[in-house]
Amino acid sequence: MSRRLLILAMFLLTALAPARAETLIASISSHQIQITSNYTGDQLTVFGLVERDGRTASRGDPYDLVITVRGPRRMLLVREKERLGPIWINRTQRRFPDSPVFLSVSSNRPLSEILSPDTALRERIGLANADRPPPLSFDVDAPLARFQAGMIRMLEEKGLYAENERGVTFLSGTLFSAPIEVPATAPTGPYEIDIVLYSGGVPLARQSTNFEVVKTGLEQGLATGAHERSFLYGLATVALALLLGWLASVVFRRD
Amino acid sequence: MQIYLPIAELPISILMVLGLSGAVGFISGLFGVGGGFLLTPLLIFLDIPPAVAVATVAAQVAGSSMTGVLTYWRRRALDLKLGGVLVVGGIVGTVLGVLFFNSMRRLGQLELVINLSYVTLFTIIGGLMLYDAIRSALRVRAGQPGRLRRQAGTHPPWMGLPWRVRFHRSRLYASVIPIAGLAVVIGFIGAVLGVGGGFILVPALIYFFRIPTAVVVGTSLFQILVTMTGATMLHAVTNQSVDIILATLLLIGGVIGAQFGGRAARNLNVESFRLLLALLILSVGLRFVIELVVPPTEPFSVILPESAR
């Protein structure tokens, strides 16, 4: 009897243990992206190791990795053009408060092969799910979904949203690296990186880290000047404009 | 070569901005219009946030009209007295326009108002000017004087209203009321559309008051210089949306372009001047018509409210 219990306990352990058996160790090539005068975007590399201890059972399914980067949050306004008589105008709009302005989802193979749509929804994986709040009711808000799809499409076009299904490379069975492209239009502020390890559609381990995008040097000086000494900044701009205008009339004067 | 704009928060090609502002500056020097109505949509098209585009173009227009004002001043083609009346009227109109702008923004219909006003203003003004230019060209061909001359002792009825003032440089003796009224309307439109209003002022002064073209251009540039200097300060203090690096690039291109435009204007006869200005204004209007009428490929647009920056 006790022997049976022990076997049961061990079986349960091996079944439950995976959540703890693998550990993700990850880091990022830089924790700060500095915006200087010649800044045209940057690339970071997330790299790490899936650490297994001796007790880890060997798995039939290979490891999968999904890396989600969420940028600073802002209020986004999405408008839809509709026909009104002969013209097309923006008639309806939806607010998406507190939405990440930058979103990048990288994985080692297509998300649909890694996990089921239900899991993706629950785990907030993929562009459409990454920022969806947990549904409060069972009402399907069809217009909202349409607006959200439109928003994702527009932001993907601008390069601010990206889904890269070959973005994570396993260098060995357990060693991985993933480049993260930060376009020049990505806003300044904090960025969060969530790394989740899957196997057979089941999350095994998680790790998160972060980086920030900041203006430095002249760029920072001008931006803070514009906000904190706005009157002087305005005077300086006007003076510069009039000076250049006067200079041109002197330089080009012929008579 | 790219440079990062600290307020617009994106990198932009230096050569492209210089070329663009040079071309717009040429047009602005040629016609005595600020050029804001061309430059602002172009910058928005390059992904620069609308608020930054409008505010920065104000600075650029101030600088390039400074050049023009000095040039016309030396050629004695600037009526300070008329300019003063226009400035005072323009300030009143701008205040009214800003109030209207803010109330439309609260109602969420600002974009529609802007688009529709661009369409109606540009097509109507451009169309009228084109019609007039073609008609006078036909008259010239028929051997008649191209333009009905102002006869001694005759004048349109609005010039005879009370408070008549003599404007020597403009060879005008007319009531202040319609001139100030025109300036109020233009200030109002300028504040709502974020343009200097030179493209309305120039034809209006030529058609309604028969002022010599050269004086109209110089005086219009003076009015634009004053209002746009004020607008730059207002934008810098209230919205912090003036990008000094972008403004510098636009200015360098703009002032150089305006010089060549000003030279070219001297070699251009009045008829073709009016025809070209009409076609330019009409084509901008038609561009907005197309945007309104053609079914959009992407019905959605995403806006980052400026306050969130």
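# Close-up views of a two-chain predicted model

View 1. Buried here means under 20% relative accessible area, exposed means over 50%, and partly exposed is anything in between (1.4 Å probe, protein chains only). Helices (H or I, at least four residues) and strands (E, at least two) are DSSP runs, numbered from the N terminus. The buried set is B:G36, B:F37, B:L38, B:L39, B:T40, B:P41 and B:L43. After helix 2 of chain B comes B:D47, with a positive phi near 80 degrees.

A word on the model before moving on. This is a predicted model, in which local features need pLDDT of at least 70 and side-chain atom pairs count only at pLDDT 80 or more, while totals for chains, interfaces and linings use all residues. Residues are numbered from 1 along each chain as its sequence is written, chains are lettered from A and ligands numbered from 1 in the order in which they are written, and side-chain values use heavy atoms, with hydrogens and water left out.

**View 2. B:S21 is tucked away in helix 1 of chain B.** B:S21 belongs to helix 1 (residues 14-31) of chain B, and its relative accessibility is 0%, so B:S21 counts as buried. Leaving aside residues up to four places away in sequence, B:S21 touches B:L39, B:L249, B:L250, B:G253 and B:G254; contact means heavy atoms within 4.5 Å. One of those partners, B:L39, is also among the buried residues of helix 2 of chain B.

**View 3. Chain A meets chain B.** The contact draws on 57 residues from chain A and 54 residues from chain B. Between them the chains bury about 5,000 Å², 67% of it on carbon and sulfur atoms; buried area is the accessible area (1.4 Å probe) that two parts lose on being put together, summed over both. A:R79, A:W88 and A:F252 supply 12% of the area that chain A buries against chain B, more than any other three residues.

**View 4. Polar and charged links cross from chain A to chain B.** There are 10 residue pairs in polar contact between the chains (both at pLDDT 80 or more). A polar contact is a pair of N or O atoms within 3.5 Å; within protein, one must be able to donate a hydrogen and the other to accept it, and residues adjacent in sequence count only if both atoms are side-chain atoms. Helix 7 of chain A gives the largest share of the side of chain A that touches chain B, at 15 residues. The count of salt bridges between chain A and chain B is 1, and it joins B:E9 to A:K215, with the closest N and O atoms 2.9 Å apart. A salt bridge is a side-chain nitrogen of Lys or Arg within 4 Å of a carboxyl oxygen of Asp or Glu.

**View 5. Strands pair across the two chains.** Strand 5 of chain A and strand 5 (residues 300-303) of chain B run antiparallel, joined by 4 bridges; two strands pair if DSSP finds at least two bridges between them. A:L77 stands opposite B:I303 in this strand of chain B.

**View 6. An open sheet lies within chain A.** Its 4 strands follow the order 1-3-10-9, with antiparallel pairing. Strand 1 (22-28) and strand 9 (169-170) are the edge strands of chain A, each pairing on one side only. Strand 1 and strand 3 (residues 42-52) of chain A share 7 bridges, and A:S27 has A:F47 as its bridge partner in strand 3.

**View 7. A:D64, A:R109 and A:E113 form a salt-bridge network.** A:R109 meets A:D64 at 2.9 Å, N to O. This pair links distant parts of the chain, with A:R109 in the loop between strand 7 (103-107) and helix 3 (111-114) and A:D64 in strand 4 (residues 63-70), 45 residues apart. A:R109 also bridges to A:E113, with the closest N and O atoms 3.7 Å apart. A:D64 is buried at 1% relative accessibility, whereas A:R109 is partly exposed at 25% and A:E113 is partly exposed at 47%.
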